[in-house]
Amino acid sequence: MSPASTSSTHDPLIDWRREFPTAESTLHFISHSLGAMPRTVDAALAHYAQTWKTRGIRAWEEEWFQLPTEVGDVLASILNAPAGSVSMYENETMAQAVALSAVDFHGARNRLVCTVEDFPSELYLYEGLARRGAEIVRVRARKGRRMEEADILAAIDERTAMVAISHTLFRTSQVLDAAPIVARAREAGAWTLLDAYQSVGTVPVDAQVIGADFIAGGSVKWLCGGPGAGWLYANPKTTAALEPAITGWMAHHNPFAFDPGPIRRDPGARRFWTGTPAVPAFMAARCGYDVIARIGVPPIRAKSLRLTGRMLALADEYGFPVTSERDAGKRGGMVCLDVPHAEAVCADLLASDVLLDHRPGVGLRLAPHFYTRDDEVDEVMRRVREAVRRHESAGG
Ligand SMILES: Cc1ncc(COP(=O)(O)O)c(C=O)c1O
């Protein structure tokens, strides 16, 4: 089949498209950055306002106090993790901060192993730990920003306290084989924290198979949950006795005792909570999580591989340099095209009806998701080619 011919494959996921108005009204290729809003968010937020208005303080007992647990359990089902193992925060950086605050970086075992390709927000957090005794080991990338699992394995030893790495890299969409890294870290006596933000919702992440102590992520991207909801899976088999230094009254086994301390932590997942939960954000986020949980990640992954494969074939046909991972076994949901005038091309397309973004070093970033039609892949690639040609002929 020529890459540019229209696929006749039956698409069992396309019926979900009508639940995402933005996907209907734009060429939506930005789910690696901001997933489309589920139609149900309107009603969820209206319900929140109505509850606050009519039930007042009673809303906590009736609904809001349970919400983070319920929302976390939807995520747990997506991660194949036990109920009660996922805690909610306002973003992933905070989720990681809580996990890291439970780890001791003093003494001979003070190293945190990460990679240069991890998301900057997390790298800044690790920099902060360096001021409190940690030695940060940043594993370097190979040519083309590719990470080799062997290089990460080689960086782990008896001085390693924590291995904190990405599951899918945000710039190149390379998926790392995390399970052997977790196994090596555990053998060396180190904790593991996986940044799965660019995976969960498009690349399967099975907490039981990977075995990590912590997995963190957010909701804005593939989970279509909007801003304000980050999350942390804490492995109940390995983390149940941890004492995070970043904590709060919601981590106490009885928050409403207003006990002045020392804190007696909840024996379950609430031990990783902090203060008052972000109720409206979690209500909105649940709408996206519910859809992903109902579809299941494996069919989303199959469609993603089919559509990104089509984009890569068209990129080759059009002569666009590809800077993201190509190998189907290792690529996440996004394709990066380092076309000439990428920044201006991105601005042009955004000014029309194409939603995409641009990152220094990798060029245009484009991603289909479960609501994308096959013909939109052809259309967006045509639109990129036209915009590149326009800028080239303008001599820009
Ligand atoms: C891989 C990865 N980790 C972390 C983040 C940042 O997460 P947050 O803003 O929720 O702290 C992002 C956001 O783009 C990301 O892509």
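This is a predicted model: local features need pLDDT of at least 70, side-chain atom pairs count only at pLDDT 80 or more; totals for chains, interfaces and linings use all residues.
View 1. The structure holds 14 aromatic pairs. One of them joins F65 and F256: the ring centres are 5.7 Å apart and the planes stand at 70°, so the pair is edge-to-face. F65 sits in the loop between α3 (58-64) and α4, while F256 belongs to the loop between α10 and α11, so the pair ties together parts that are 191 residues apart in sequence. Both residues are also members of one aromatic cluster, formed by F65, W249, F256, F258 and W273.

**View 2. The ring pair F214 and F272.** The ring centres of F214 and F272 are 5.8 Å apart and their planes meet at 85°, so this pair is edge-to-face. Distant parts of the chain are linked here: F214 is in strand β7 (residues 214-217), and F272 is in the loop between α10 and α11, 58 residues apart. F214 has a relative accessibility of 0% and therefore counts as buried. F272, at 3% relative accessibility, counts as buried too.

View 3. The loop between α10 (236-239) and α11 (279-295) contains P262. The peptide bond that runs from G261 to P262 is cis, and its omega is near 5°.

View 4. Around the ligand are N91, E92, T93, F119, E122, F170, D195, Y197, Q198 and K221. A polar backbone atom of E92 is 2.8 Å from an oxygen atom of the ligand. T93 places a polar side-chain atom 2.4 Å from an oxygen atom of the ligand. For D195, a polar side-chain atom lies 2.6 Å from a nitrogen atom of the ligand. The ligand taken alone exposes 400 Å², and the protein buries 84% of that area.

**View 5. An open sheet of three strands.** The strands are arranged in the order β9-β12-β11, and their pairing is antiparallel. At the edges are β9 (335-337) and β11 (357-359), each of which pairs on one side only. On average, neighbouring strands of this sheet are turned by 35° against each other, direction ignored. Strand β12 covers residues 363-366 and runs antiparallel to β9, with three bridges joining the two. V335 has L366 in β12 as its bridge partner.

**View 6. N80, a loop residue with positive phi.** N80 lies in the loop that connects α4 (67-78) and β2 (86-89). The phi angle of N80 is near 50°, which is a positive value in a residue other than glycine. N80 has a relative accessible area of 39% and is therefore partly exposed.

**View 7. S173, another loop residue with positive phi.** The loop between β5 (160-166) and α8 (178-188) holds S173. Here phi is near 60°, again a positive value in a residue other than glycine. The relative accessible area of S173 is 3%, so the residue is buried; the limit for buried is under 20%.

Notes: Residues are numbered from 1 along each chain as its sequence is written. Side-chain values use heavy atoms; hydrogens and water are left out. Two strands pair if DSSP finds at least two bridges between them. Helices (H or I, at least four residues) and strands (E, at least two) are DSSP runs, numbered from the N terminus. Axes are lines fitted to C-alpha atoms, for helices over the stretch in contact, and angles run from 0 to 180 degrees between N-to-C directions. Buried means under 20% relative accessible area, exposed over 50%, partly exposed in between (1.4 Å probe, protein chains only). A residue is near a molecule or strand if one of its heavy atoms lies within 4 Å of it. A polar contact is a pair of N or O atoms within 3.5 Å; within protein, one must be able to donate a hydrogen and the other to accept it, and residues adjacent in sequence count only if both atoms are side-chain atoms. Accessible areas come from the Shrake-Rupley method with a 1.4 Å probe; for residues, only the protein chains shown count as cover. Rings of Phe, Tyr and Trp (its six-membered ring) pair if their centres lie within 6.5 Å; planes under 30 degrees apart count as stacked, over 60 as edge-to-face and the rest as tilted.
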